[in-house]
Amino acid sequence: MLSGGLIVSVSFAYLLLLFAVAHFADRRAGEGRSVIANPWTYALSLAVYCTAWTYFGSVGRAASGGVWFLPIYLGPTLGFALSWLIILKMIRIAKTYRITSIADFIASRYGKSHLLGGLVSIIALVGTVPYIALQLKAISSGYALLIGEHDGAYRPIHTGSWMQDSTLYIALVLAAFTVFFGTRHLDATERHEGMVAAVAFESVVKLVAFLAVGLFVTYGLFDGFGDIFSRAFADAELASLFTLAGTGDAGYGGWFAMTLLAMLSVIFLPRQFQVAVVENVNEQHLRRATWVFPAYMLAINIFVLPIALGGLLLFGAGQADPDTYVLTLPLAHGQEWLALLAFVGGLSAATGMVIVETIAVSTMVCNDLVMPLLLRLRRFKEAADPDLTGLLLGIRRGAILAVLLLGYLYFRLAGEAYALVSIGLISFAAVAQFAPAMLGGMYWRGGTRDGALAGLAAGFLLWAYTLMLPSFAKSGWLDASFLEHGLFGLAWLRPEQLFGLQGLDNISHALFWSLAANIGCYVLVSVLRSPTGREASQATLFVDVFQRGQAGLPASFWRGSAQVADLLPLVARFLGTRRTMEVFSAYARERGVARVEDLKADAGLVHFAETQLAGAIGSASARVMVSSVAQEEPLGLDEVMNILDEASQVRAYSHQLEEKSRALEAATDELRRANEQLKELDRLKDDFMSSVTHELRTPLTSIRAFSEMLLDDPQIDLAERTRFLGIIVSETERLTRLVNQVLDMAKIESGHAEWHNSDIDLRALVEHAVDTTAQLFRDRGARVEQDLPESVPTLRADHDRVMQVMLNLLSNAAKFVPQDEGRVRVALRREGDLLRVDVTDNGPGIPPEFLVVIFEKFRQGGDQRSRPQGTGLGLPISKQIVEHFGGRLWVVSTPGGGATFSFALPLGGRGESAAAAHNEIE
Amino acid sequence: MTKKILIVDDEQNIVISLEFLMKREGYEVSVASDGEEAVARIRAEQPDLVLLDVMMPKKGGFEVCQEVKSDAALKGVRILMLTAKGRDTEVAKGLAMGADAYMTKPFSTKDLVEKVRGLLAEH
């Protein structure tokens with residue numbers, strides 16, 4: 001048995017430790033060495049999601065509903081994995097416009113409406129006060145269990161008056177803590193570093209404590225997971241906990257609803273918005289959190305089922321309250337220190353939630369409920385108190401205290417009632433009502449203030465009717481008959497079977513109706529009228545927040561005139577003179593203006609001043625204050641659209657300009673390419689000309705030299721004279737051949753050659769070519785073999801051109817075969833759709849490096865000294881001819897092993913049509 | 001003493017005409033038909049003058065010229081380059097390589113003979 005004094009001492013020591021952590025973080029922040037500016041702290045602070053309700057309650061849920069405890073964790077895990085882009089956008093919007101709460105977010109988006117902000121604040125307050133009460137209850141009953149104030153079944157016995165109730169003191173201590181670290185500065189966008197550090201620390205403590213209990217139960221009381229589960233399966237009643245059907249709830253639909261609910265709440269619970277969005281230091285931290293947070297959820301859930309099953313196996317079903325197994329299992333087995341650690345873990349979970357939730361809610365209460373009322377007081381407006389910072393801080397501190405005392409009050413009044421026990425999910429359902437207005441506001445320009453008001457009001461009313469009132473009735477505070485028979489006895493108004501909808505559990509049922517009404521009203525009322533100028537401008541600023549600062553999106557839609565001398569004191573009233581001068585000096589420096597007084601009171605400055613104010617008193621109130629000192633032109637929808645039009649025109653122009661410059665660049669590239677091609681062609685032409693010149697000059701040189709010699713010297717003897725004249729004649733023939741072939745080549749290449757196609761018999765053509773060149777081979781003493789089939793199909797081509805190819809190949813062979821030992825073999829074969837001709841000689845062969853170049857112009861092969869007369873154009877021309885008919889000309893050779901020149905022409909088909917097409921063009 | 005002239009060209013007929021011309025002038029003539037043979041003969045025979053074609057297999061005239069001119073042992077060898085490529089850049093290139101004179105094909109036999117006489121007289 002632990003003494004109350006010890007537990008209280010430990011608890012206070014723990015709270016003091018929290019103070020120390022928070023103080024340390026705040027001091028480091030003051031020195032500019034933030035401890036929370038790291039993604040781990042951010043991710044851990046998000047675990048404020050796990051409250052005492054989940055710390056103790058998930059075991060309870062698992063004990064009664066088996067796997068039904070899971071959606072509460074699956075939802076956030078999925079939510080974070082899937083919606084981090086949405087959260088990123090919320091962070092960007094909140095930072096850009098200094099938004100400090102969900103109420104402010106929604107109010108600002110829909111035209112900075114006080115009414116909307118107030119409604120959201122009330123929903124948040126109604127939804128969270130009981131939740132805070134639940135945390136206090138968890139602490140109080142845990143305390144009672146530890147000091148032994150419980151019955152045989154470990155049910156805590158509540159005794160004592162208010163003044164003796166330790167819970168009140170815990171509430172007060174928490175209020176003090178929250179006041180101390182939550183309202184040090186006025187500007188709420190200045191993050192609460194100490195608080196975040198403390199919350200992250202608490203997340204670690206509760207995880208360690210829960211894991212310790214889990215390990216104790218699993219490995220201390222049982223022999224590990226396998227042991228617990230096999231023993232549970234052996235028990236028919238416990239085994240049913242492992243299936244959805246066996247646990248009595250509403251099956252997959254219920255699972256879906258529960259997961260969706262948890263998914264929405266991880267984003268829209270005021271405390272989650274506070275830590276995830278308002279307290280975010282760096283958008284990059286979100287990336288780490290998308291896996292660390294789910295990992296944390298996994299870790300804290302590993303032992304939920306083992307503890308629940310262990311409790312049921314050891315205590316027996318219906319004995320001790322499963323909600324307290326975390327404490328009672330160690331207690332029942334004499335592990336008091338472990339129980340104390342578990343209690344500290346629960347205390348952590350509870351205090352973390354209470355602190356953050358209270359700060360979030362009190363900010364809403366102050367900025368969206370109290371400030372609007374104050375602004376309406378004429379006395380407040382006229383009493384131009386130059387410094388209201390004290391008043392503002394006072395309001396906020398008062399709000400914190402009030403929220404915590406309200407929570408305590410609810411705890412005292414509701415006690416063991418159903419309304420308190422089931423409040424966790426009921427709270428989730430309340431904040432889920434923010435989803436349509438929030439998400440719609442971030443992604444849909446069409447949403448209006450009236451739509452948001454209608455949606456929120458409808459959703460809230462249905463939530464109250466289908467969840468809140470029934471929970472009151474079940475607590476015995478209302479006559480429960482309307483649950484059975486419906487309001488006014490109308491059966492279709494039964495709150496838990498509204499309009500006859502049955503077969504859903506009460507949470508899924510309420511979620512369905514409230515969200516349906518919420519979304520329906522939001523969309524319908526929004527589309528009823530087009531947005532006002534202010535709604536449209538805020539819509540653009542929110543929806544297009546990622547494009548802000550880029551060409552085309554105005555930073556603000558404000559038009560009018562103002563004086564710096566008016567704006568400065570206004571901001572100073574709420575922020576204090578020192579801070580005001582600081583932020584305005586920084587703004588001036590950014591714009592290169594030396595003194596604050598020299599700033600121009602343009603739209604940018606007014607927007608800046610208003611944003612600063614928004615951080616302190618909320619965007620709606622800031623709007624009212626700024627408009628009180630500036631002469632403004634009210635912006636109608638038309639004006640807003642004009643501004644947007646101008647902006648989009650600028651954007652369009654710059655887009656066009658970009659397109660044009662891109663097109664210009666592309667054109668330049670194309671021209672450059674064309675130019676390079678031309679240059680290349682020019683170079684080829686030069687090379688060709690140079691080659692032709694060389695080929696012409698060479699025979700000319702001989703002709704001229706011999707002619708001059710003969711002319712100069714009549715004494716040359718006859719034999720010499722005849723030899724010289726023979727050379728002159730043969731060189732002249734060479735010249736003639738060259739000129740003809742150059743012209744031929746040029747014609748073929750330029751496409752001006754004439755082609756006279758007919759059906760030709762290649763066999764006859766080959767024989768004819770061999771006959772024609774017979775003398776050449778006889779002169780060289782060479783033998784020609786023919787290997788021709790009986791007949792081949794005719795093919796369509798130019799007879800003379802193909803003959804030209806044959807003659808060229810044969811005369812080449814004749815030139816290169818060895819004198820008197822030459823053997824040339826001519827073969828014709830059909831190969832599929834092709835007719836192939838091979839001319840094989842036993843000459844010296846062609847070195848590998850010449851195999852390609854011999855088909856280039858003026859590149860003759862062979863040893864130059866023995867090089868026969870040739871122009872170097874024969875093979876290139878033959879290749880062109882064969883290719884013209886869709887065929888191929890190639891050579892296979894090994895040095896010393898002779899050479900085989902082959903060409904193949906297609907039968908009909910392509911060659912014919914290609915040639916025909918060519919002819920038609922000509 | 002008879003001057004020695006080496007004729008280097010891969011065109012048989014041009015070799016025949018040059019040989020006839022030079023012999024008629026009373027020079028001692030030898031012949032090479034590609035660049036490698038030319039270098040070998042120049043080293044072996046130390047001719048007074050080389051009539052050097054530019055476009056040749058194995059080793060071009062420019063390479064031969066460069067090799068000869070960079071060899072101190074062959075200081076006395078004059079080079080007259082003959083080319084069928086008549087462009088100015090070719091002429092400039094030849095002279096830059098150290099050729100003593102340059103003629104384009106087809107050449108006048110008279111001019112050639114005069115040029116050869118001139119080059120050999122400079123000795």
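Analyst: Gln46(B) sits in the loop that runs between helix 2 (35-45) and strand 3 (49-53) of chain B; helices (H or I, at least four residues) and strands (E, at least two) are DSSP runs numbered from the N terminus. Everything here comes from a predicted model, where local features need pLDDT of at least 70 and side-chain atom pairs 80 or more, while totals for chains, interfaces and linings use all residues. Residues count from 1 along each chain as written, with chains lettered from A and ligands numbered from 1 in written order.

What makes Gln46(B) worth a stop is the backbone: its phi is near 45°, which is positive in a residue that isn't glycine. As for the surroundings, Gln46(B) has 13 C-beta neighbours inside 10 Å, so it counts as partly exposed (20 or more is buried, 12 or fewer exposed, in between partly exposed, with C-beta atoms placed from the backbone).

Staying in chain B, have a look at Val31(B), a member of strand 2 (residues 28-32). Val31(B) is partly exposed too, because 18 other C-beta atoms lie within 10 Å. Once you set aside neighbours within four places in sequence, Val31(B) is in contact with Ile7(B), Val15(B) and Glu19(B), a contact being C-beta atoms within 7 Å. Asp9(B) is another one to click on: 22 residues separate Val31(B) and Asp9(B) in sequence, and their C-alpha atoms are 8.0 Å apart.

The peptide bond from Lys105(B) to Pro106(B) is cis, and its omega is near -10°. Pro106(B) belongs to the loop that links strand 5 (101-104) to helix 5 (109-121) of chain B.

Now hop over to chain A, where Lys112(A) shows a positive phi in a residue other than glycine, near 55°. Lys112(A) sits in the loop from helix 6 to helix 7 (114-146) of chain A. Here the setting is buried, because Lys112(A) has 24 other C-beta atoms within 10 Å.

Helix 6 of chain A itself covers residues 102-109 and is mostly covered, with 8 of its 8 residues buried. If you want to select them, the buried residues in helix 6 of chain A are Ile102(A), Ala103(A), Asp104(A), Phe105(A), Ile106(A), Ala107(A), Ser108(A) and Arg109(A). For the chain as a whole, buried residues make up 46% of the 922 residues in chain A.

Next, some helix packing. Helix 17 of chain A (residues 336-376) has its axis come within 8 Å of that of helix 13 (residues 270-278) of chain A, and the two cross at roughly 90° (axes are lines fitted to C-alpha atoms over the stretch in contact, and angles run from 0 to 180 degrees between N-to-C directions). On the helix 13 side of chain A, the residues involved are Pro270(A), Arg271(A), Phe273(A), Gln274(A) and Val275(A). They meet Met353(A), Val356(A), Glu357(A), Ile359(A), Ala360(A) and Val361(A) in helix 17 of chain A.

Helix 17 of chain A has a partner in helix 16 (residues 325-332) of chain A as well, where the axes come within 7 Å and the crossing is roughly 170°. Helix 16 of chain A brings Val326(A), Leu327(A), Pro330(A) and Leu331(A) to that meeting. From helix 17 of chain A come Glu336(A), Leu338(A), Ala339(A), Ala342(A) and Phe343(A).

Zooming out, chain A holds 37 helices and 9 strands. Among the contacts in chain A with a separation of 6 or more, 81% are between residues 24 or more positions apart.

So how do the two chains touch? In chain A, 17 residues are in contact with 19 residues of chain B. Helix 31 (637-712) and helix 32 (718-750) of chain A each supply at least two residues of the side that touches chain B. Of that side, helix 31 of chain A gives the most, with 13 residues.

Last, the confidence. Chain A averages a pLDDT of 80, and 84% of its residues score at least 70; pLDDT is the predictor's per-residue confidence, from 0 to 100. Over residues 861-868 of chain A the pLDDT is below 50, and that stretch has 13 contacts in the model beyond near neighbours in sequence. Residues 909-922 of chain A also stay under 50, and the model has 20 contacts for them beyond four places in sequence.

Note on methods:
Contact = placed C-beta atoms within 7 Å.
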